[in-house]
Amino acid sequence: MLKKIALFLGPLAFLLIYNLPFTLLNPDADKVIAVASWMIIWWITETVSISVTALIPLTIFPLVGIMDIDTAAANYGHKIVFLFFGGFVMALALEKVNLHKRIALNIVKLTGTTTEKVVLGFMFATAALSMWISNTATTVVMLPIALSVVDLIKNDEDGFTKVDKNFALSLMLGIAFAANVGGIATIIGTPPNTVLIGILEQQYQMDISFLKWMLMGLPFTIIMIFVIYFILVKLIYRSRLPQTNQSSDLIQKQIDELGPIHPLEKRVLTVFCVAIFLWIFRVQIDGMLESIKLTDAGISLLAAFALFVLPFSVKDHKFVLNWEDTKKLPWGILILFGGGLALAKGLADSGIVNAIGDYFANKESLSPFVIGCFLIAVLLFMTELISNVALVAIFVPVVAGIASGLNQDLLHFLIPITMASSC
């Protein structure tokens with residue numbers, strides 16, 4: 001019923017605000033507020049796909065004179081969109097050759113045989129994969145492996161005891177939470193990070209490199225893994241089961257079933273490692289080779305291009321990836337990036353962000369620390385109700401205005417709220 005109501009409420013809110021007999025801020029800003037109201041209602045209720053809602057700026061902005069079609073469309077072809085496209089293609093190749101499962105199993109194998117270490121191993125393996133492929137895909141890979149371990153405990157001599165159940169719960173929830181926080185570690189790990197980077201580059205000419213983000217995001221991810229692990233295993237679901245070699249034997253069995261690493265896997269792993277190397281040392285390489293200008297988006301596209309043209313069998317004209325494989329790519333997320341960037345540009349160009357900043361500039365009694373904590377808390381709550389990508393697209397321009405009004409560094413506010421959206 002809520003979705004049915006929202007389907008009509010979104011356009012109705014747009015028409016009411018657009019046709020107000022008085023001015024809220026200025027004529028251009030009022031138009032953007034009208035369109036933003038429509039988008040927010042549809043994004044929150046998901047009455048239609050959030051990617052479809054993201055097309056509203058492309059269709060409505062030119063109609064009402066907010067920006068012309070060329071300017072609106074440019075947001076959907078922003079380099080950040082292609083950075084994430086390349087990341088999607090790399091993830092697709094990892095999944096196609098089953099390399100992600102091999103990586104995960106070997107990480108779990110290293111952690112030990114006690115049940116608590118098994119949980120920690122699965123969490124680290126999940127987080128490591130989630131840095132490069134989607135949270136959902138990572139979880140889908142890890143859960144069947146984890147269920148096999150749970151079955152060993154479940155079918156032992158004493159049956160499925162309360163302690164066994166606690167172990168199973170901590171293992172399953174640990175994987176789910178680790179997939180979320182793992183994505184925070186890299187720019188391409190989760191869409192909200194990419195939306196933020198795009199808005200910063202487009203509106204504020206701020207460039208955060210892949211390495212800079214990792215230097216901040218990776219320690220946060222590691223800390224969160226241990227916090228989640230401690231809460232699950234030590235506080236909520238205590239499972240002090242004795243050491244067992246069964247789980248390590250099962251993991252080794254699954255690794256053996258994968259067989260020796262295939263030449264196709266080696267090709268994908270090579271491209272993957274080269275891309276990570278270039279992302280991490282991009283600035284240094286640019287400094288040494290003046291004739292070459294590397295960008296994070298360019299590296300991502302180079303890796304994707306290589307996976308499509310790298311021959312696996314020249315004789316049979318086979319490549320690592322074929323274009324047909326891209327049917328599995330979440331194209332809607334790429335459109336969502338464009339919609340978020342277009343909305344942010346509309347909010348900034350029409351003066352709405354500046355108006356928010358001016359309002360908070362007059363509130364000298366407000367503590368930036370308290371405001372920052374409040375905004376993080378709001379995002380943590382809102383992410384229970386709305387897509388994290390849509391949430392960041394809506395809040396980043398608003399929070400940027402608040403930060404500038406309080407005369408604070410934008411990044412000190414925008415990065416924490418973006419991370420909060422993934423929690």
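Guide: A point on classes before we start: Ala, Val, Leu, Ile, Met, Phe, Trp, Tyr, Cys and Pro count as nonpolar, Asp, Glu, Lys and Arg as charged, and the others, Gly among them, as polar. The model above is predicted.

Visitor: By class, what does the lining of the second largest pocket have?

Guide: The lining of the second largest pocket has 8 nonpolar residues, 2 polar ones and no charged residues.

Visitor: Which residues line the second largest pocket?

Guide: Its lining consists of Phe177, Asn180, Val181, Met224, Val227, Ile228, Ile231, Leu232, Ser422 and Cys423. By the class rule, Asn180 and Ser422 are the polar ones. Two helices, α10 (162-183) and α12 (210-236), each supply at least two of the lining residues. The largest share, 5 residues, comes from α12. The volume of this second largest pocket is about 210 Å³.

Visitor: What volume does the largest pocket have?

Guide: First the general idea. Rolling a probe the size of a water molecule over the atoms shows where empty space is left. Here the largest pocket has a volume of about 600 Å³. It is lined by 26 residues, and those closest to its centre are Phe88, Ser134, Asn135, Thr136 and Pro191.

Visitor: Which helix gives the largest share of the lining of the largest pocket?

Guide: The largest share comes from α6, with 7 residues. At least two lining residues are supplied by each of α6 (79-96), α9 (135-154) and α20 (388-405). By class, the lining of the largest pocket has 14 nonpolar, 9 polar and 3 charged residues.

Visitor: Next, helix packing. At roughly what angle do the axes of α17 and α20 cross?

Guide: The axes of α17 (residues 331-349) and α20 cross at roughly 15° and come within 9 Å. Angles under 35 degrees count as roughly parallel, so α17 is roughly parallel to α20. The crossing is right-handed. On the α17 side the contact is made by Leu336, Phe337, Gly340, Leu343, Ala344 and Leu347, and on the α20 side by Val389, Ala393 and Pro397. By class, this contact has 8 nonpolar residues, 1 polar and no charged ones.

Visitor: And α11 with α17: how many Å apart are their axes?

Guide: The axes of α11 (residues 191-204) and α17 are 10 Å apart, and the two helices pack at an angle of about 40°. Their crossing is right-handed. From α11, Pro191, Thr194, Val195, Gly198, Ile199, Gln202 and Gln203 meet a set in α17 made up of Ile333, Phe337, Leu341, Ala344, Lys345, Ala348 and Asp349. The class count for this contact is 8 nonpolar, 4 polar and 2 charged residues. Note that Pro191 of α11 is also among the residues closest to the centre of the largest pocket.

Visitor: Is the crossing of α8 and α12 left-handed or right-handed?

Guide: α8 passes α12 in a right-handed crossing. The axes of α8 (residues 115-130) and α12 come within 11 Å and cross at roughly 145°.

Visitor: Which residues of α8 and α12 meet?

Guide: Glu116, Lys117, Val119, Leu120, Met123, Phe124 and Ala127 of α8 meet Thr221, Ile225, Phe226, Ile228, Tyr229, Val233 and Lys234 of α12. By class, the contact has 10 nonpolar, 1 polar and 3 charged residues. Ile228 of α12 takes part in this contact and also lines the second largest pocket.

Notes:
Residues numbered from 1 in each chain as written. Predicted model: local features only at pLDDT ≥ 70, side-chain atom pairs only at ≥ 80, totals over all residues. Heavy atoms only, no water. 1 Å grid on protein atoms, 1.4 Å probe; cavity = no way out; pocket = protein on both sides within 12 Å on 5 of 7 lines; lining within 4 Å. Points joined across faces, edges and corners; volume = space filled by probe spheres on them. Helix = DSSP H or I, 4+ residues; strand = E, 2+ residues; numbered from the N terminus. Axes fitted to C-alpha atoms, helices over the stretch in contact; angles between N-to-C directions. Parallel < 35°, antiparallel > 145°, perpendicular 65-115°, else oblique. Left-handed = near helix turned anticlockwise from the far one by under 90°. Contact = heavy atoms within 4.5 Å.
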